[in-house]
Amino acid sequence: MNFSGVQVAAFLKQVNEQWGYDFSDYAEASLQRRLQRCMDLAHVSSLEDLGRRIFTDRKAFDWFLSHFTVNVTEMFRDPDFYACLRTQILPVLETFPNINIWHAGCSSGEEVYSLAILLHEHNLLSRCRIYATDLNPANLEKARAGIIPVAMLKEYIHNYRQSGGIGEFSQYYTARYGNAIFSKELRDRITFLQHNLVADGVFNEFQLILCRNVFIYFNRALQEKVLELFVESLSPLGYLALGTKEAIMAPNVQRRFETVSKLKIFRKKY
Ligand SMILES: C[S@@+](CC[C@H](N)C(=O)[O-])C[C@H]1O[C@@H](n2cnc3c(N)ncnc32)[C@H](O)[C@@H]1O
């Protein structure tokens, strides 16, 4: 079913007024799919019924939030991207006195643990402070726990090897009752925080910002706004990594960056 623009706008306005989350600049097609999905999961047949559940009950809203955002992620997603980080970006970061990294839209953390492994293998982990943020508290809770199902390991080890990993992957986790928990050494280097890219501002200066597979859910105006936030948050010559299907479109933001790799890695000009 397709909802009218007016219905969607009215629903999102009430979400914002009631709970302070502004989704009005999310991409239209994705909004339609996610709202329909939440209705199906809640077994209701109209946006009004969904609203009646979530506008008065915080727990119901938290449930909505955790299903409304697309949370799909994996370790070493796009192994070529991680190979490029290894060969082109980390050797430069190594020369910086401070290395602050912001992983925005980290979902349940698989990508940020992949990055921590890379940093460990380049002897940089102890010099880095990694902030991993997401809008969604349920994702952050999972990410903080640092637990993944053992059943996923085969695929993740394959991605790791494809990305140029030559270590023993088993050194990074302990397996217990069908789950793998990442080592304390990795977990201790990552600070997980709630940060909403729509509403929250700069909170530090970074040498590398990764925000992959998040912009595809935003409309053009919101993408530009968030890119401005990244420009302000990056140190001169800092790096920005986007998802493979994402781009810097606005000319006024484009001219602040040079392209480092077609794998959507950009560098802020001095
Ligand atoms: C598809 S996942 C991408 C995860 C990971 N970066 C990756 O590429 O595998 C998109 C993530 O963006 C988060 N997100 C969506 N809107 C956001 C916002 N306004 N601020 C921060 N995170 C947001 C979602 O909660 C979700 O965890």
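Author: Contact here means heavy atoms within 4.5 Å. This is a predicted model, so local features need pLDDT of at least 70 and side-chain atom pairs count only at pLDDT 80 or more, while totals for chains, interfaces and linings use all residues. Residues are numbered from 1 along each chain as its sequence is written, and side-chain values use heavy atoms, leaving out hydrogens and water.

Reader: Okay, what does helix α10 lie across?

Author: Helix α10 (residues 220-233) lies across β1, β7, β8, β9 and β10, at about 140° to β8. Axes are lines fitted to C-alpha atoms (for helices, over the stretch in contact), with angles from 0 to 180 degrees between N-to-C directions. Helix α5 (residues 79-93) lies across those strands too, running at about 20° to β10.

Reader: Why is α1 called roughly parallel to α3?

Author: The axes of α1 (residues 5-19) and α3 (residues 47-54) cross at roughly 5° and come within 11 Å. Angles under 35 degrees count as roughly parallel, over 145 as roughly antiparallel, 65 to 115 as roughly perpendicular and the rest as oblique. That's why α1 is roughly parallel to α3.

Reader: What makes β6 and β9 edge strands?

Author: Strands pair if DSSP finds at least two bridges between them. β6 (190-194) and β9 (257-261) each pair on one side only, and the open sheet runs β6-β2-β1-β7-β8-β10-β9.

Reader: And how do you know that β7 and β8 pair?

Author: There are 5 bridges between β7 (residues 206-211) and β8 (residues 234-242), in the parallel sense. Two would do, so they count as paired. F206, for instance, has L234 in β8 as bridge partner.

Terms used: Helix = DSSP H or I, 4+ residues; strand = E, 2+ residues; numbered from the N terminus.
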